[in-house]
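The following note sets out some points on the structure shown below. Please read the numbered paragraphs with the structure in view.

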Amino acid sequence: MEFRADNQPFKVAMQGFVEKIVNMMKSENLFEPQGGPIIMAQIENEYGPVEWEIGAPGKPYAKWAAEMAVGLDTGVPWIMCKQEDAPDPVIDTCNGFYCENFKPNKPYKPKMWTEVWTAWYTKFGGPVPRRPAEDMAFAVARFIQNNGSFFNYYMYHGGTNFGRTTAGRFIATSYDYDAPLDEYGLLNEPKYGHLRDLHKAIKLSEPALVSSYAKVTWLGKYQEAHVYSSKSGVCAAFLSNYDPTFSVKVTFQNMQYDLPPWSISILPDCRTAVYNTARISSQSSQMKMTPIGGGLSWESYTEETPSADDSDKLSTSGLWEQINVTRDSSDYLWYMTDVTL
C-alpha cells in the first residue's frame, strides 16, 4: 500500500474512513443544510507540495479525492488547502504566514486563508517561536483589503501533546504556538486583545466589504488606499503604509491620517480610523506559574537490556514495526543480529 497516492488499496481505505466521518456528522444533523454549524469541509491537507514531489501518481489521486468528497453530498463547499489544481467545485485555499497575494485557481472562487500561522511549533533544544501581534494583525488586514473573504487561525487555542503523542520528531509536548489563547486556555495578551479589536473593525466594515471589490489608489510612494463602496452609499477604507521605517501623514478624502511604519488603518465609514495594526491598546500579560500543594514527585523506571536467552524474544527475517511489537508500553525495541559466515 502506498499512502496518499493513486494506489487502489489506500483509496479504498481512505474513502471508507471519510464516508464514516461524514455519515457520523450527518446522523447528528451537523451540516448547515441540516440546521447544523458546519458550513465547510476539507479533504486532504496541503497535498499540493506532496503532489509536486512525487509527480505523476499525485495528480490523479488529488482529482479522485476531490471528486470522492463532493460525491458524499454534504451540502456544504469542499476545500483543499495548498492545492493549486483543485478541480471544480472544490475551492483551493492558502496556508501560511502571509497570503495577501494568493489567488484561487478560478476567478469565481472566494479568496480564503485557511491557516493563519500564529507562530510555529517548538522543538526540543530550540527557542520558543513568537509572532508579534502587530505583524499578525497587519497580515490579516492586508489579506482582507486585497479582497480576502475568509481567514482562520492556526492555532487560535494552543494545546499540549502528552507523552509520546507529539506531532513529529523533536517536537516538544507544548503546542502553545504563541496562540491568542495559550495551551492552558489563558488569554495571551496583547495578541488576543489586538486581534479581537481587529475583528471588530472588520465586522464594522462588513456591509461595504461584501458589496464590491476594492478600488486601489496610491497615496504616496509606499502608501495605498483600498476602498470598498456600494450603490447604497456604504463605504469602508483600508489605508496602508508599507514603509518599514518611517511614519507618514496621508490625505484621504480631504482628511489627514497618521500611519505608523508597516501598518494599516481601518476606516469602516471611510472617515473614522477605528483601528491601526501597529497601535496596541490591549495590556500585555505575563503568565506566572504558582505551585499548589506540595512539590512535584518524580518517578523513574529502568528497563533491563535483554539478552539472547530471554524467553520473550521474537525472530524474523526483516525489521519489526516498533509500535505493534511494544504496544506503546516502552520507548525501546532491542534488536540483536546473528550473522553466520
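1. Strand 8 and strand 9 are joined as a hairpin through 4 residues. Strands here are DSSP runs of E of at least two residues, helices are runs of H or I of at least four residues, and both are numbered from the N terminus. Strand 8 (residues 215-218) runs antiparallel to strand 9, with 4 bridges between them; two strands count as paired if DSSP finds at least two bridges between them. Thr-217 has Ala-225 of strand 9 as its bridge partner.

2. This is a predicted model, in which local features need pLDDT of at least 70 and side-chain atom pairs count only at pLDDT 80 or more, while totals for chains, interfaces and linings use all residues. Residues are numbered from 1 along each chain as its sequence is written, and side-chain values use heavy atoms, with hydrogens and water left out.

3. Strand 9 also pairs with strand 10, in the antiparallel sense and over 7 bridges. Within this pairing, Gln-223 stands opposite Asn-241 of strand 10. These two strands form a hairpin with 5 residues between them, and Gly-233 in the turn has a positive phi of about 105°. Of the 7 residues of strand 9 (residues 223-229), 6 are buried; buried means under 20% relative accessible area, exposed means over 50%, and partly exposed lies in between (1.4 Å probe, protein chains only).

4. How many disulfides does the chain have? The count comes to 2 disulfides, where a disulfide is a pair of cysteine sulfur atoms within 2.5 Å. In general, such a link is a covalent bond between the sulfur atoms of two cysteines. With bonded cysteines counted along the chain, the pattern is 1-2, 3-4.

5. Cys-81 is itself buried, with a relative accessible area of 2%.

6. An open sheet of 5 strands has parallel pairing and the order 1-2-3-4-5. Strand 1 (41-42) and strand 5 (150-154) stand at the edges, each with a single partner strand, so one side of each has no neighbour in the sheet. Strand 3 (residues 91-96) and strand 4 (residues 112-117) run parallel and are joined by 3 bridges. Cys-94 stands opposite Trp-113 in strand 4.

7. Helix 3 (residues 58-70) has 13 residues and reaches 19 Å from its first C-alpha to its last, close to the 18 Å expected at 1.5 Å a residue; the expected span is 1.5 Å times one less than the number of residues. Its buried residues include Tyr-61, Trp-64 and Met-68. The buried residues of helix 3 pack against helix 1 (8-27), helix 2 (47-54) and strand 2 (78-81), contact meaning heavy atoms within 4.5 Å.
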